[in-house]
Amino acid sequence: MTYRVRLAHLYPDQMNIYGDRGNILSLTQRCAWRGIALELLPVGAGADVDWASVDLAFFGGGQDSGQALIADDFVQRQGPLLRTAIDAGLVLLAICGGYQLLGHYFLTHTGERLPGIGALDVHTVGGGTRLIGNIAIEIDASAQLALPTGTRLVGFENHSGRTYLGAGVRPLGRVLAGHGNNGEDGTEGAVYRNTFGCYMHGSLLPKNPQFADYLIGLALARRYGVAATLAPLDDQLEMAAQRGMLERLVRV
Amino acid sequence: MPNFPDFRLIAAIGAGKAAGLASRALGRGGGTTLPGVVARRIAPDTLRRLSAGLPDGVAVIGGTNGKTTTTRMIAAILQGDGRRVLHNRAGANLVSGLTATALAGSSLNGQVHADIGLFETDEAALPQALFETRPRLVVLHNLFRDQLDRYGEVDTIASAWRAALEQLPANAMVLLNADDPAVAALGETLPTRVFYYGLEDTRHAGEGATHFADSQFCRRCGTPYVYSARFYAHVGHYACPNCGQRRLAPDFRLERLELDGTSGSRLLLSAGPRTPLPTALEISLPLPGLYNALNALAAAAAGLLLGVAPAHIRTTLEQFSAAFGRIERIDAEGRPLFMALIKNPVGASETVRMLVGAQESGSTSPSSILHMLVAINDKYADGTDVSWLWDADFERLAGHVASAMVSGTRAGDMAVRLKYAGIDPAQIRSEPDLPRALDAALAQLPPGATLYALPTYTAMLELRAELARRGWVKPFWED
């Protein structure tokens, strides 16, 4: 049988900075190479989305002006239904600005409190300096993901917001090199059910094919049950790029 | 200049010049920045003082893409008109580099041996450069996402530029690209004289990649612009359906443009009634690609504003060759090597569009398929974040690549990028060491084929140094 996956891309015109489009390319190609029919659904401002029909969603980072243009639309129009979908196990990857908007709020350094949708138990505080550079993390047991222990991801972070995790989420990983969520507690990203937030650009998924496949696998399992399995792909180029960065950042 | 000798300035000039000589003698390159750093430490106002000594004043050129080529075109146009030009030709475009350029063109007592200063200026350095050089002409070409780790976002740069432009005197001239909404909007409130240039030939719309557009929302009210013609990214003929803010009719118009593959293009330009010298001129430009035609448009407009006769502008541009490494054709011992710098999504996408377009139009040879060497570095001058590779439109290469050698410090990332763009992984080879990658790419080149090299900035410098070592090109500071 042909598997089908419906991938929603939130605000592709406004939230498209730092090459986050690479994540869409990764998911699209890795489905295509396996004969999985992927339908891409761009979600712009003012769109009505049937979240129950969506298997997988991506929400990237934006310029400050782009984020300002869509924040109200996201919180008011998409917020309530998306929160329900996330609670029901929607597979969602959110990066940087998208990650922050899934949390409770963003406190700017001028004291303004910009609301998020509160789907993730995190909040973000604006900082004076940007946390910039290559980053490597290790997904440890506390993330409770069905990935091999010691799975490492690499990316590039560039954010002024410091994100702090509440009790309702688990960190995605432990920072091996770089700053992570806030540069203080050694965590990077947050996991709640099948929703993942993090600060890793780069793009994230092309060079971390294990994580790309993990997301596709979750989406298939949710629609087709546990029997859905992913055919293996030849990931030599991807893993060579990932290894090259790990060798540079971490003594392996 | 004061009538009495300024010993501090003289000491700064002397120390800067000595530092440059020492740097060269030690084999540390051309000393394109160090003299400026040294002089500014002694006399922070060195650039301001030397700029003030230029009888025809200063022109500053800024923009994400094309500023080096455009500035070189303007320099050639002014020199063709018999003017002595002080120009940061080697590309050192921070304030220290501008200072070093001014020092190199000055005698020890602070006399500048030039008529006019011409400074290509880094986006982040532009406000300070305007403050110190007090230019009579500022040309702003475009504003795209580039090295976000270093510059910050496009909006941040645009507001810094606006604040600096507002400090210019009323008799200064500002020349803006009408087709780039972020740049054109800078002209709205300026006290200076403002002129616009733009592409009128809408046959070139609709082919460029637009998914990475940065400024496609109305600068006044945030509504998405409606484009009647969109050339690439956010550049085109735009109008806001909500508040009515729209592209202004340009003073300098590229009325007609014929692109001729990788060999060149033909332009019909006009200068309208608001300009000092209304005219029309036809130019056969020996540089390929839409973006080089736009560079020539900006340069011709600047030339006209600086009082150069149209015939001189045409003659100069028809004999122009680009800056080192930007677009270069090199004879690698009988094997043609075509080198084009890539450094951000828009530039890389337009370069790819030019290569594929040339191939499709058959101007290279009908059956040719591209042999490529793509070298990606992530050093400071390249930007340490290579995320931009995923914004660039490499998808257009699919089906056009015979072999792709990837190299540089981020060769691995580029290999992955090409794979996801639809290039067969069997055609991708990775060799991080650039000289070895060059040898391997040349060795597998079929007779008669061209090797297309696309390096990032520091990879271009490395590649060019290697080519110079082999005697195939001159070292760049002699260029």
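This is a predicted model: local features need pLDDT of at least 70, side-chain atom pairs count only at pLDDT 80 or more; totals for chains, interfaces and linings use all residues.
1. Secondary structure. Chain A contains six helices and 12 strands. Helix α3 of chain A covers residues 97–102, and α6 of chain A covers residues 236–249.

2. Overall form. The C-alpha trace of chain A spans about 55 × 45 × 30 Å along its principal axes. For 252 residues, a compact globule would have a radius of gyration near 18 Å; the value for chain A is 17 Å, so the two agree.

3. Packing inside the chain. Of the 252 residues in chain A, 58% count as buried. Take the contacts in chain A between residues at least 6 apart in sequence: 72% of them join residues at least 24 apart.

4. One residue as an example. Is Gln100(A) buried or exposed? Its relative accessibility is 10%, and buried means under 20%, so Gln100(A) counts as buried. Gln100(A) sits in helix α3 of chain A. Leaving aside residues up to four places away in sequence, Gln100(A) touches Gln67(A), Phe106(A), Thr124(A), Gly161(A), Thr163(A) and Tyr199(A).

5. Extent of the contact between the chains. Chain A contributes 35 residues to the contact and chain B contributes 34 residues. Together the two chains bury about 2800 Å², and 50% of this lies on carbon and sulfur atoms. Which three residues supply more than any other three of the area that chain A buries against chain B? They are Arg21(A), Gln63(A) and Leu237(A), with 23% of that area.

6. Polar links across the contact. Between chain A and chain B there are 13 residue pairs in polar contact, counting pairs with both residues at pLDDT 80 or more. The count of salt bridges between the two chains is four. One of them joins the side chains of Lys207(A) and Asp413(B), with an N to O distance of 2.7 Å.

7. Where the contact lies on chain A. Several elements of chain A each supply at least two residues to the side that touches chain B: the helices α1 (21–32), α2 (64–87), α4 (204–207) and α6 (236–249), and the strands β7 (122–139) and β8 (151–165). The largest share comes from α1(A), with six residues.

8. Residue classes. On the side of chain A that touches chain B, 11 residues are nonpolar, 14 are polar and 10 are charged.

Key
Residues are numbered from 1 along each chain as its sequence is written. Chains are lettered from A and ligands numbered from 1 in the order in which they are written. Side-chain values use heavy atoms; hydrogens and water are left out. Contact means heavy atoms within 4.5 Å. Buried area is the accessible area (1.4 Å probe) that two parts lose on being put together, summed over both. A polar contact is a pair of N or O atoms within 3.5 Å; within protein, one must be able to donate a hydrogen and the other to accept it, and residues adjacent in sequence count only if both atoms are side-chain atoms. Helices (H or I, at least four residues) and strands (E, at least two) are DSSP runs, numbered from the N terminus. Ala, Val, Leu, Ile, Met, Phe, Trp, Tyr, Cys and Pro count as nonpolar, Asp, Glu, Lys and Arg as charged, and the others, Gly among them, as polar. The radius of gyration is taken over C-alpha atoms; the globule rule is 2.2 Å times the number of residues to the power 0.38. Buried means under 20% relative accessible area, exposed over 50%, partly exposed in between (1.4 Å probe, protein chains only).
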